[in-house]
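Subject: Structure for you to look at

Dear colleague,

Here is the structure that I promised to pass on, with its sequence.

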Amino acid sequence: MEDITLKKFTPAKFISFAIGFFGLQFAWQMRIILSGPVTEELGASPFLFGLIWLAGPFTGMVVQPLIGALSDKTKTPMGRRRPYLLGGALLSALALWAFPNSANITDWLSGVLNISLPVWSALLFAALMIWILDACVNIAQGPYRALVPDVVPQEQHSIANSYISLAIGLGSVVAAGTAPFLKWAFNYQMPINTQFIMAALAFSLGMIWTCLAIKEKNVAKADESNVEKFNFVQSLKDFFALSPEVGKICWMQFFTWIGNMCMMIYFTQYAVHTVFGVPDLSDVSEAVKASFDAAVLSGTNFSSVCFAIFNLVCFIVAIPIGFLSVKYGNKKIHIISMLSMALAFLGMAFTTNPKLVAVLMGLSGIGWASICALPFAMLSQYIKPGTEGSVMGIFNIFIAGPQVFVCTLVSWIINKCSFVGEAGLNFHWEYTFLIGAVCLIVASVIASKVKELAKA
């Protein structure tokens, strides 16, 4: 029988393990911050913007379970997970380059084909690139999470997920902070196209590093003899049969991610239109758009700074949260972290003071550090060897599924809650934070009902 005892990770090995997630989050953060300004410039209303964001949850619900199950059964010289990590990163890099160039690419296609494309063709192409990007991120992300139980000893799972949380925080800080820093230090405004190219390089190179540095264990013979076709319904039944606590953890995730994505999806629009008072620009003339260029740039840079603060706090507290969870339990630390995020969201719903908004974003970073680590550590206690990818893929449904609600119903609510301000038509983007805070509180209540396994 093959010895599958896993060696403990050193801090250096944890860092190499997490570098790929640094690149993944770098790319994802750029998509979060800048997809709004890019699509609004192409004519997307708040509701259309929400529909474009559906790319993430739909690909997450379909791609991650499928890829997770496939990666459990994949056998290549590169290992089970690494082909998906590399493939997802490299395809994402192409989409990251194409997305901000959507108008130029459709203009070029119009010239090559010698036809006149509709005015909405650039927005359609941008939406397609978002869908490809999100699908490829999910191709990489599911198998990446499955690497934790694959290669890290059980007693280090919380620490491993905290290093991933640290990488998420640092990747996001660098992604969000680079353009504002260059503007502040050198009065150079980095073009959006350049920022996306930077993200493509970070994702590709980071994932290559991790794939070279981390050796996957061989699949046990028992696993090889039990290979069968992927059956989603049966996998779902097996997933919930793991323990009654798994269902509670899933419902906790469901409400957590409604709350979390209310901020992630809409914060840049909130910063531009609520904090900086820019009216809706999706259906105005080019002259009117030009008159607000400076304000939009200021709001977008402010959003980047806030996301940098948010993720810097995540980076700082990620490892302490891992050690605290080992001492006091995942559940207690996660509840405290989520409630701190809910408190921050309530504050942002009732203020437009930029300094206070920045402070509150920092406070919500504590919750983000916990969300990126502890639910996965809670679930990993129940995973059976050989099913890691499938379990993490199904678990992602309860991360991706709630985003459908945020992208449709929440965006519809915003679209209906318009008002005419001094500068023109605008929307109540701050309502998203009220919805988010309520959902995080509900998630905390559910988390309190989870019974954790006793420590060995």
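The side chains of Arg31 and Asp134 come together in a salt bridge, with 2.7 Å from N to O; the term stands for a side-chain nitrogen of Lys or Arg within 4 Å of a carboxyl oxygen of Asp or Glu. This pair ties together distant parts of the chain, as Arg31 belongs to helix H1 (residues 11–41) and Asp134 to helix H6 (residues 121–151), 103 residues apart. Both Arg31 and Asp134 are buried, where buried means under 20% relative accessible area, exposed means over 50%, and partly exposed lies in between (1.4 Å probe, protein chains only). Helices here are DSSP runs of H or I with at least four residues, numbered from the N terminus.

Before going further, please keep in mind that this is a predicted model, in which local features need pLDDT of at least 70 and side-chain atom pairs count only at pLDDT 80 or more, while totals for chains, interfaces and linings use all residues. Residues are numbered from 1 along each chain as its sequence is written, and side-chain values use heavy atoms, with hydrogens and water left out.

The structure holds six salt bridges. Another of them is formed by the side chains of Glu216 and Arg82, at 3.7 Å from N to O, and this pair also links distant parts of the chain, with Glu216 in the loop between H8 and helix H9 (221–224) and Arg82 in helix H4 (residues 82–98), 134 residues apart. Both Glu216 and Arg82 are buried. Glu245 forms a salt bridge with Lys248, the closest N and O atoms being 3.3 Å apart, and here both residues lie in helix H11 (residues 244–275), three residues apart, which is about one turn of the helix. Glu245 counts as buried because its relative accessibility is 10%, whereas Lys248, at 27%, is partly exposed. Salt bridges that share partners also join Arg80, Arg81 and Asp150 into one network.

Helix H7 deserves a look of its own. It covers residues 157–186, 30 residues in total, and reaches 42 Å from its first C-alpha to its last, close to the 44 Å expected at 1.5 Å a residue; the expected span is 1.5 Å times one less than the number of residues. At Gly177, shortly before the proline Pro180, H7 has a kink of about 40°, the bend being the angle between axes fitted to the seven residues ending there and the seven starting there. Of the 30 residues of H7, 23 are buried, so the helix is largely enclosed by the rest of the structure. H7 is followed by Asn187, whose phi is positive, near 55°.

Leu170 is found in H7 and is partly exposed, with a relative accessible area of 32%. Leaving aside residues up to four places away in sequence, Leu170 touches Phe22, Asn311 and Phe315, contact meaning heavy atoms within 4.5 Å. Leu170 and Phe315 are 145 residues apart in sequence, and 5.5 Å apart in space from C-alpha to C-alpha.

With best wishes

Conventions: Helices (H or I, at least four residues) and strands (E, at least two) are DSSP runs, numbered from the N terminus.
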